[in-house]
Amino acid sequence: MSGLFSTFNTVRRGMAAQQSALQVVSHNVANANTDGYSVQRADLKTTEPFTNPAGAGQIGTGVNVQSITRSRDEFLDTQIRKELSTLSRYESREQFLTEIETIFLEPTDSGLADIMGKFWDAWQQLSNTPESATAKKIVAENAATMATAIKHNYDQLENMEINAGHIIKDQVFEVSSIMRQITDLNGQIKAVVIAGQQPNDLLDRRDLLVDQLSKRFNFDVAPGNLGGIEITAKPSNELILKDGIITQGVAYINKVDEATGQVELYIDGDLNKKVTITGADMSKYKSGHIMFYDSTKYTKDTTYPVTETDGAFVKTATFENGSLNGFESISKEINEYKTQLNTLARSLAIAVNTIHSNSTDSSVNTATINGKTVQLNFFNANAEDLTKEAAKYISVNQAIIENPDLINAGQYFDGETNYTAGNGQRAMLIAQLRHTRMELTSFNTREGFVQNIFRDKDGNVVTSAAAASSSSNGTPNLADLVNYKMVSSSAGTTIDAYFKATIAQLGVSNQEARRMVSNQDVLLTQLETRRQSISGVSIDEEMTNMIQFQRAYEANAKMISVIDQLLDVVVNGLVRR
Amino acid sequence: VRITNKVLTTNFLGNLRNNLTNMQKYQNQLSSGKEVSRPSDDPFRVARTMELTANINANERYAKNIEEGIGWLYTTDTALGQIGDAMQTIYEKTVAGGNGAYSEGEREALKLHIQQLKEQIAEVGNTSYDGRYIFGGDKTNVPPFTTQGVYQGSANGLVREFSQGVTLDIGTKGNQFEELFTKIDEIISDLGQNKSPSDRIAGLQQSMENVLKLRAEAGARSRRLEAMMSKNEDETFNMTALLSKTYDIDVAEKVMEYKVMESVYNASLQTGAKILQPSLLDFLR
């Protein structure tokens, strides 16, 4: 039989264990609102019993805290990360698409659709009162307003594209920082695991970082050595992080110089770590995009800038979902809208200029009127150039702004013997462009425009060469309604409808993004609820545990005073003097 | 399922945010009076709205063209009527001039009268509408007739568009009735020579019929424009009604929906205030 002193030991262990458990409870309560925290439990276990060879079997020796574990479902983590990266992709898309909607201002009176309507109306009014100087002034002013609006929309889209680039750069920086923190934590975790302990809080912190990383792109996580993890980016299956090492870092492409074949990279999105790649294969690089760089080959991180040759050092990074994918897709989509605005501006300039100057030669632009020599471009001809960004250059010919009387509303040119003030046929033709379907994505020149929608009275395609004699400047007189007519192309679309389609495309895109964000929100709320139900801290539960451990602690303490009394009996009461 | 405090707050916040988003949607709709305010609200509704707005605006522009065309043709009609009347008088005078009993003096008086009428016709030929000469073809800024009745206008008509792809020439060119001056001159010349102008009557009648025909043509065109006007108005009305259906909200319905949403929102706020408060801590002493 064990002695009273050995019972003291049992009590001491009991008090220590309850105290540890209370410590865990207080840690839980303290972290009740900490992001990524998983509730911890002290696992109590009986200590080795004492076998009494003489007496009745084994006698317990008390309790011990065997381990402190966290409550976590790793399968749920994987699911949450996958859905988080989908949510992030659509959130970033929604953010930008909503801004683009604000740029276009449809469907309001100040949107481009309405401004274009006023432009056509002005021509229609001019065709009705071709003698009126006011009507001409209104045409010039409405056209200038329209050109400004197109240019303004385009500039705003361009700014937005630059913004998206900045955000990508910042996020590349963030991703690098998260990856570095993960590798650091991997090191610390490894040290604890080697010592045979459970690094609960470190694991929580790493899981939180991995969650944050999953907002940027989607990846697979696999367990590595001694508590480490490996991260493989999807869909390229590129191993980017293994235990304590970043194998593939991320770099931001700041500048691509097609002419010299030089590409400027910011390693880790850090503009102080500039690397220039020479002799680059330009198809691989696109400004504003992201590359993986081989960090094992990259050790020269002391002196910048560094020059590398195009080859194995960097490779194209493609991402599945996540905000990085979202922003890349946005910058692509902004480009589409820009292209569409360019097509709109170019076809407007080509169509109006061809009819107004009655010439398929865009390079000539003269005026003088009553001393003859006409052929005046209504819009500046550089908006017709396929190699230029038409939306950026469209503007009304300065000569017309200064003197709207130069606008030719009639069939004949000023100064010709047949000229008449009351003829509004040319203005009418331009007004009719509003409802004329043309293949505006495929005609790139005035010649193409004329062949697309002008027919002679026999229904033959009109080319500038066909009727050289019928007008003074080598082209058929397009405003001669008897011999030529404008016919809608069955494969074409009107300029108004073309713009409407752009708006519809934008609307559908953002509608999808909004729907996905709200779906993913619901899904993630559910998953998050499940995670909280496993890993979250319940105050009620902790309070109950607290009382439970407190009472046990008190009972153990009581035990000491009982043993003390027993010892008092032995020491002071047993022998009477 | 184990429910923790964070589960409650997360769920509550999520639901509250949803309710608030819905509230905002209804508030936007009610304050703007429009179903949609951006393309993503309903891309097809927005595209339809843009299309209808554009068509209504174009139609309203065509209505102005038609109005102007009708005014132009009414003026033409009145002017041709005046010419017809003057010619009727000339006809009567010419018949009278054929009377063998008329003296040279009397014929001279007739001649002077007819000359006056001829100048009157030439003046009517220079009638203008809104500052533009109506009988000059597309040469609207120059008087089409000299006082002697020589036409100096253009041979082109006035082609205008009155609805999508529908063009009509609303001009009546002076050269279509210019010959009547020659006829009148012949009569004047006969009378001046104290001759009976009876031989000229048939020719004059022809000219009168010609003017009548031109007037009938102008009338027919103005009736056509009137028909187009009523069609135009119908179209605008229908499209406006359709636009209203597509773009405008049904206020009563929206207010009801908003009220329902509001009560849901209030309920969730109240519940939140209640469920998030108590914990075991409230009961521990």
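Is Asn397(A) buried or exposed? Asn397(A) is buried, because its relative accessibility is 6%; buried means under 20% relative accessible area, exposed over 50% and partly exposed in between, with a 1.4 Å probe and protein chains only.

## Basis of the description

This is a predicted model, in which local features need pLDDT of at least 70 and side-chain atom pairs count only at pLDDT 80 or more, while totals for chains, interfaces and linings use all residues. Residues are numbered from 1 along each chain as its sequence is written, chains are lettered from A and ligands numbered from 1 in the order in which they are written, and side-chain values use heavy atoms, with hydrogens and water left out.

## Surroundings of Asn397(A)

Asn397(A) belongs to the loop between helix H7 (390-393) and helix H8 (398-402) of chain A. Helices (H or I, at least four residues) and strands (E, at least two) are DSSP runs, numbered from the N terminus. With neighbours within four places in sequence set aside, Asn397(A) is in contact with Asn365(A), Leu376(A), Asn377(A), Phe378(A), Phe379(A) and Asn380(A), contact meaning heavy atoms within 4.5 Å.

## Nonpolar cores

A nonpolar core is a set of buried Ala, Val, Leu, Ile, Met, Phe, Trp, Tyr and Cys residues joined through side-chain atoms within 4.5 Å. The largest has 119 residues, and those touching the most other members are Phe119(A), Trp123(A), Phe378(A), Phe379(A), Leu433(A), Phe449(A) and Phe454(A). Helix H4 (residues 133-194) of chain A gives the most to this core, with 20 residues.

Not counting residues up to four places away in sequence, Leu433(A) touches Trp120(A), Ala351(A), Val352(A), Ile355(A), Met438(A), Phe449(A), Ile453(A) and Met486(A). Another core, of 40 residues, lies apart from the largest one and has among its members Leu110(B), Leu117(B), Tyr151(B) and Phe162(B).

## The enclosed helix H9 of chain A

Helix H9 (residues 425-432) of chain A is largely enclosed by the rest of the structure, because eight of its eight residues are buried. These residues are Gln425(A), Arg426(A), Ala427(A), Met428(A), Leu429(A), Ile430(A), Ala431(A) and Gln432(A).

The buried residues of H9(A) pack against elements of both chain A and chain B. From chain A come helix H3 (112-128), helix H6 (322-357), strand E15 (454-456) and strand E16 (484-486), and from chain B strand E3 (159-163) and strand E4 (166-169).

## Packing of H4 and H5 in chain A

H4(A) packs with helix H5 (residues 200-214) of chain A at an angle of about 155°, their axes being 10 Å apart. H4(A) is therefore roughly antiparallel to H5(A). Axes are lines fitted to C-alpha atoms, for helices over the stretch in contact, and angles run from 0 to 180 degrees between N-to-C directions; angles under 35 degrees count as roughly parallel, over 145 as roughly antiparallel, 65 to 115 as roughly perpendicular and the rest as oblique.

The crossing of H4(A) and H5(A) is left-handed, a term for a near helix turned anticlockwise from the far one by less than a right angle. By class, this contact has twelve nonpolar, four polar and two charged residues. Ala, Val, Leu, Ile, Met, Phe, Trp, Tyr, Cys and Pro count as nonpolar, Asp, Glu, Lys and Arg as charged, and the others, Gly among them, as polar.

## Packing around H2 of chain B

Helix H2 (residues 43-97) of chain B packs with helix H4 (residues 179-192) of chain B at about 30°, with axes 11 Å apart. H2(B) is therefore roughly parallel to H4(B), and their crossing is left-handed. In this contact, Ile83(B), Met87(B), Ile90(B), Thr94(B) and Gly97(B) of H2(B) meet Leu180(B), Ile184(B), Ile187(B) and Leu191(B) of H4(B). These residues divide into seven nonpolar, two polar and no charged.

H2(B) also packs with helix H3 (residues 104-125) of chain B, at an angle of about 165° and with axes 10 Å apart. That angle makes H2(B) roughly antiparallel to H3(B). The contact of H2(B) with H3(B) has eleven nonpolar, five polar and two charged residues.

## Two further sites in chain B

Ser222(B), in helix H5 of chain B, is buried, with a relative accessible area of 6%. Leaving out residues up to four places away in sequence, Ser222(B) touches Ile70(B), Leu73(B) and Tyr74(B).

Asn194(B) lies in the loop between H4 and helix H5 (201-247) of chain B and counts as partly exposed, at 28% relative accessibility. Beyond its neighbours within four places in sequence, Asn194(B) is in contact with Ser103(B), Glu104(B) and Arg107(B).
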